[in-house]
Amino acid sequence: MQQQSRRVVITDCDHGSVEIEREVAQRYGYELVLAACTTSADVIAASAGADAILTQYAPVTDEVLTALPDLAAVGRYGVGVDTVDVDAATRRGVAVCNVPDYGTEDVSDHAIAHALAVLRGLPALHAGLARGEADLGPVRPLHRFTATTFAVYGLGLIGEATARKARALGFRVIGTDPRFAPGSVSPSGTEVVSPAELLAQAELLSLHLPLIAQTQHLIDDDAFTQMRDGVKLVNTCRGGVMDTAALVRALESGRVAAAGLDVFEEEPLPVEHPLHRFEQVLLTPHAAWYSEESFVELKRRAMENILDVCTAGTSANVVNASGLAAQDDAVDAGQEA
């Protein structure tokens, strides 16, 4: 599957340096080009003739894939591939790669940190002291972890790691995931309930879902009406999983007592955004993925994935592998016929 150009393009990257990726590319015998793309047109212009591209935020649309017929692989920094038209890539035989497990411990650590902070009222208590007010009123009632139901929506690698850490802290932990039947126990020991039961029982709700059509605005006004008054919420997955305007309404009404948010529908979060008004809301800038260890692993593996496809025809982390295989089977069947 190698192309004669032996060229790989990073469409965009805000990491400050791509020396790790450059070392990997050199090891595989590829030239690395770093661009600064923000639009489909930018990606097309920067990537003409490339064997593979690696993207952070730049869109890889059907238009992009049509204009770049030499592509063997598209890689993305991270777990989610919502900026890539995976169906269009599959139709064109282009592998789409992610790094699904590089940040499992880091994101789950961040989710737990947010959860503990909002459960103990730390953001509001800090804001009060900054005004010279030593008052528990804004955060009451607070409850022991052992008296709190910690609900995990999405029991993938990160959700399960978050559940495991929450159990170790003494929480009663429940979770939901379409892969597991209510009444069962997940592979790592999480009690599985239905989505409706999860929302109804949650005292702390932690979201760990991919952003796909079925999860876009999954947590909306209707979902908030199913939750108990005073629920606290953590989101370290994708901003679009939650309807931000609905969250603001739930905070204003008191349905949601506090929230810890690392991801947003608009990133970076504008300084004038209404979420900044709430002292009981803890905001971080899509930082959950980061540790020095995860940073190095992400950059190395993201580049290795796409170059493995270019040089060996496969990679350990191809999200559309089954679709590509089905296409190959269909082609073979057609040839045999």
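Mentor: Start with burial. Buried means under 20% relative accessible area, exposed means over 50%, and partly exposed lies in between, with a 1.4 Å probe and protein chains only. The model is predicted: local features need pLDDT of at least 70, side-chain atom pairs count only at pLDDT 80 or more, and totals for chains, interfaces and linings use all residues. Residues are numbered from 1 along each chain as its sequence is written, and side-chain values use heavy atoms, with hydrogens and water left out.

Trainee: Why is His110 called buried?

Mentor: Its relative accessibility is 19%. The limit is under 20%, so His110 counts as buried.

Trainee: Where is His110 found, and what is it in contact with?

Mentor: His110 sits in helix H5. Helices (H or I, at least four residues) and strands (E, at least two) are DSSP runs, numbered from the N terminus. Contact means heavy atoms within 4.5 Å. Leaving aside neighbours within four places in sequence, His110 touches Thr236, Asp262, Thr284, Ala287 and Ala288.

Trainee: How many disulfides does the structure hold?

Mentor: It holds 0. A disulfide needs a pair of cysteine sulfur atoms within 2.5 Å. For Cys13, the nearest cysteine sulfur is that of Cys37, 12 Å away. Cys13 is therefore in no disulfide.

Trainee: How do you know that the span of helix H7 is close to the one expected?

Mentor: The expected span is 1.5 Å times one less than the number of residues. H7 covers residues 157–168, which is 12 residues, and the expected value is 16 Å. From first C-alpha to last, H7 reaches 17 Å, close to that value.

Trainee: Which residues of H7 are buried, and what covers them?

Mentor: Ile158, Gly159, Glu160, Ala161, Thr162, Ala163, Lys165 and Ala166 are buried. Their cover includes helix H5 (104–119) and strands S6 (149–153), S7 (172–176) and S9 (204–207). Just after H7, Gly170 takes a positive phi of about 100°.

Trainee: Why is the pair Asp62 and Arg91 called a salt bridge?

Mentor: The rule asks for a side-chain nitrogen of Lys or Arg within 4 Å of a carboxyl oxygen of Asp or Glu. Asp62 and Arg91 meet at 3.8 Å, N to O, so the pair passes. Asp62 lies in helix H3 (residues 62–67) and Arg91 in helix H4 (residues 86–91), 29 residues apart. Asp62 is partly exposed at 30%; Arg91 is exposed at 52%.

Trainee: What makes Arg255 and Asp229 a salt bridge?

Mentor: Their N to O distance is 3.2 Å, so the pair meets the 4 Å rule. The two are 26 residues apart, with Arg255 in the loop between helix H10 (244–253) and strand S11 (256–261), and Asp229 in the loop between helix H9 (221–225) and strand S10 (231–235). Arg255 is partly exposed at 23%. Asp229 is exposed at 58%.

Trainee: Which parts of the chain do Glu252 and Arg277 tie together?

Mentor: Their salt bridge has an N to O distance of 2.7 Å. Glu252 lies in helix H10 and Arg277 in the loop between S11 and strand S12 (281–283), so the pair ties together parts that are 25 residues apart in sequence. Glu252 is partly exposed at 48%, while Arg277 is exposed at 52%. The structure holds 20 salt bridges.

Trainee: How many cavities of 30 Å³ or more does the search find?

Mentor: The search finds 1. On a 1 Å grid over the protein atoms alone, a cavity is a set of points where a 1.4 Å probe fits but cannot get out; a pocket is an open set with protein on both sides within 12 Å along at least five of seven lines; lining residues have an atom within 4 Å of a point. Grid points are joined across faces, edges and corners, and a volume is the space filled by probe spheres set on the points. The largest cavity holds about 30 Å³. Ala124, Gly128, Glu133, Asp135 and Pro138 line it.

Trainee: Which helix gives the most to the lining of the second largest pocket?

Mentor: H6, with 3 residues. H5, helix H6 (122–130), S10 and S11 each supply at least two. The pocket has a volume of about 390 Å³. Its lining has 23 residues, of which Val139, Pro141, Gly230, Lys232 and Ala257 lie nearest the centre.
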